Amino acid sequence: MKRNLTEALSDFLFEYETPRQVLVKNKQVGIVCRLIQLFVLAYIIGWVFIYEKGYQVSDTAISSVLTKMKGVGYTKVNDTERVWDVSDYVFPEQGDSSFVVMTNYILTLGQKQGKCPSLPGRHNCTSDKDCKEGEHKRKMTGKCLDETKTCEIFAWCPVENDHVIPDPPAMMSAENYTLFIKNSITFPQFRVVRSNLVEGVDSNYIRQCVYDKISDPFCPIFRLGDIVTMSGFTFPQIAIQGGAIGILIDWTCDLDWHVRHCRPVYNFHGLYGNGLDADETKASVGYNFRYAKYYMEDSEEKRTLTKVFGIRIDILVRGLARKFDIIPTLTAIGSGVGIFGVATVVCDLVLLHLLHQKDFYKNMKFKYTTMKEEVSVMQNEMEKNSAKE
C-alpha cells in the first residue's frame, strides 16, 4: 500500500502530460489554417492593440468651464440710439458654460396692468358673443371693442406685438463680439491636471490672438461670427430669430507620451440644425425668451418687456486619457492566444467531416478501445509485476 502511494505521488509530482498531436500534410487544410491564423493575428494587432489600445487603461475627465464675453453693441431703432455692453446682451451674467448672446429684440415700452384691446388677427370679433369672458391665455372681459373689432382683455397693456421680427437684425454688431473660454480638466486616476491655456499660451499671446483652426488652434479667444460660421450657419441668418450652437472641447490624451502633448481640440456644431435644412423640415426655428424691467411711475407699477432673440451657446467638454498598464496588456494577449484555437476547430471540422479521407484522419486522431481490451491489458501488467517479484 505504501509503495502504491509513493508511486502515485511520484507520478503526480514528476510527470508531465501533453496532448497528442497529429501532423497532417494537406494543402487545402494548411492554407485554411494559416489564413485563419493570419486573420486572428491582424485582429489582435490592428484592432485590439492599435485601434482599441488594448494595452492601456483609461480614465475620464472632471472638468470646469469659465467664460467671458467682450464687445460693445450699437443699435438705432425708430431714431433711438443705444449702446449695449456685456451686462445688457449676455444672459445669465455669471460666466457659465451655457449662456445666450442677444442678436435681435422687440421692445414693448410702458406696459401696465389694465384693460386694452387684443391684437388684430388673434381675437377678432363682431359682437360681445364672440368674446367669452375668462377664456384663452389672456383673460377676456367679454366685450368686443368697436374701434379695433377685437376682444378686450385684462393684461399688461399695451399688448406686445411680435408679429414682425426686425430684419435685418438690430444687433448685427454682435458678429464681432469675442468669447474667452477657460477650461480646466483633471484625470484623477493618473493625477494629471491640464488647462486649455497650454504651453505657449501666455498673457501676451492672448492679447493679440483670435482662434483659427489652422494658424491659432489653441487660442482661447473666439470671434462670435467665426463660431457661427464654423457651426454651419451664416451670421445674418441666425441673428434674426436666434439659434443654438454647441462648442465641444475634446481632450483625447495618450499619456504614454509627455503630458504637454495632451491638448484640446475645439469643434463647433449647430444644435438645432446647421442652417442648410429646408424650412419646411424645421419643427421650431430660432431661440427666444422674454424678460421685463419693472419701475414705478406716478405711484403706478410699469415695465419694459423685451423679447430677446439670441444665440444660445453650450460649451461641452469630453475628456478621455489612456496609459500603458501590464494587466490589460496580458489580458489582451491571453484572449488573443485563445482566439487562435478557432483555426484548430475549423480545420478539425474540415478534416473529420468534409474531406474524402475523413475516416483515415479519424483513425489517426482518435484511439478507440473496449472494456475487454482494457481488462486484457491490466491482466498482462499484473502478470509482469508478479514475475518481477
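In the hairpin formed by strands β7 and β8, four residues lie between the strands, and lysine 149 adopts a positive phi near 55°. The model is predicted, with local features requiring pLDDT of at least 70 and side-chain atom pairs counted only at pLDDT 80 or more, while totals for chains, interfaces and linings use all residues. Residues are numbered from 1 along each chain as its sequence is written, and side-chain values use heavy atoms, leaving out hydrogens and water. Helices (H or I, at least four residues) and strands (E, at least two) are DSSP runs numbered from the N terminus.

Strand β7 (residues 139-145) pairs with β8 in the antiparallel sense over four bridges, pairing being assigned where DSSP finds at least two bridges between two strands. Methionine 140 has isoleucine 153 of β8 as its bridge partner. Strand β6 (residues 98-117) also pairs with β8 in the antiparallel sense, over six bridges, and glycine 114 is partnered by alanine 155 of β8. Of the eight residues of β8 (residues 150-157), seven are buried (under 20% relative accessible area; exposed is over 50%, partly exposed in between; 1.4 Å probe, protein chains only).

Five disulfides are present (pairs of cysteine sulfur atoms within 2.5 Å). Cysteine 116 and cysteine 157 form one of them, with sulfur atoms 2.0 Å apart. This pair links cysteine 116 in strand β6 to cysteine 157 in strand β8, 41 residues apart. The torsion about their S-S bond is about -75°, so the disulfide is left-handed. A disulfide also joins cysteine 131 to cysteine 151, S to S 1.9 Å. Cysteine 151 is buried, at a relative accessible area of 1%.
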